[in-house]
Amino acid sequence: MTSALINLAAEQKSAAVTDWAARIGWVVGLLLFVALLYWLMREGWKWRSTLQGDLPELPAAPAVPGEPTLTMTGRYHGSTTAGQWLDRIVAHGLGTRSKAGLTLTEQGVAVVRPGAQDFFIPAAALRGARREAGIAGKVLPEGGLLVITWQHGDKTIDSGFRSDRAAEHAAWIEALTPQHHLTSDTEGAR
């Protein structure tokens, strides 16, 4: 009986450890799927930019910017339609995240972005500033984002920035928020 078991064990073959053809097929299929998803996302980004083609060109910074009132370095996280924090604006490079340097002067806010298109927000276009928890694709702890609201053409835009020093946000909000002074006609109850 022992010799029969030895003969039986010698005849059995173990299964192939790796089926290389199947493994290569799965890897190629996965890479093609990832490439398709990337291509679809890129086409969606370009389509969104086409839909926002009516947005006028961004203003350029003035040749003589004036004396800086405030400066800030940090990150630019994107722009959205005001009040709709998920409606990202991608036209004219406003959807590109980047490092940013902000400078407030009497003429407006200059946004300098290395590696992306700089833009300028004229003082007349500024509508205010506030702290927010997030803007399209970026969510931070409560109040971790400085959102500047401004008018560009017929569209009101929210642009999100995060300073390297979060304590700077308060000074920017105070400087950019219009003061609503009560007149004698609206003051108090009569």
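Reader: In which strand does serine 98 lie, and what makes serine 98 count as buried?

Author: In this predicted model, serine 98 lies in strand 3, residues 98–105. Its relative accessible area is 6%, and buried means under 20%, so serine 98 is buried.

Reader: Which residues does serine 98 touch, not counting residues up to four places away in sequence?

Author: With those sequence neighbours left out, serine 98 touches Arg75, Tyr76, Arg113, Pro114 and Ala116.

Reader: Tyr76 brings me to the rings. How many aromatic pairs does a search of the whole structure find?

Author: Three aromatic pairs turn up. In one of them, the rings of tyrosine 76 and phenylalanine 161 have their centres 5.4 Å apart, with 55° between their planes.

Reader: Why is the pair of tyrosine 76 and phenylalanine 161 called tilted?

Author: Centres within 6.5 Å make a pair, and 5.4 Å meets that cut-off.

Reader: How do you know whether tyrosine 76 and phenylalanine 161 are buried or exposed?

Author: Tyrosine 76 has 0% relative accessibility, and phenylalanine 161 also has 0%.

Reader: Why is the pair of phenylalanine 119 and tryptophan 150 called stacked?

Author: Their centres are 5.9 Å apart, with 15° between the planes. Stacked requires planes under 30 degrees apart and centres within 6.5 Å, so this pair qualifies. Phenylalanine 119 sits in strand 5 (residues 119–122) and tryptophan 150 in strand 9 (residues 145–152), so the pair ties together parts 31 residues apart in sequence. Both residues are buried.

Reader: Which residues do ring pairs link into a cluster?

Author: The cluster consists of Tyr76, Phe119, Trp150 and Phe161.

Reader: What makes arginine 23 count as lying over the face of tryptophan 20?

Author: Arginine 23 is 5.8 Å from the ring centre. The distance cut-off is within 6 Å, alongside a limit of 35 degrees from the ring normal, and arginine 23 does lie over the face.

Reader: Which residues touch the most other members of the largest nonpolar core?

Author: Of its 26 residues, they are Leu102, Val109, Phe119, Ile148 and Trp172. Among the elements that each supply at least two core residues are strand 4 (108–112) and helix 3 (169–176). Valine 109 touches residues including Leu102, Phe119 and Trp172.

Methods. Residues numbered from 1 in each chain as written. Predicted model: local features only at pLDDT ≥ 70, side-chain atom pairs only at ≥ 80, totals over all residues. Heavy atoms only, no water. Phe/Tyr/Trp six-rings, centres within 6.5 Å; stacked < 30°, edge-to-face > 60°. Buried < 20%, exposed > 50% of the residue type's maximum accessible area, 1.4 Å probe, protein only. Helix = DSSP H or I, 4+ residues; strand = E, 2+ residues; numbered from the N terminus. Contact = heavy atoms within 4.5 Å. Core = buried A, V, L, I, M, F, W, Y, C linked by side-chain atoms within 4.5 Å.
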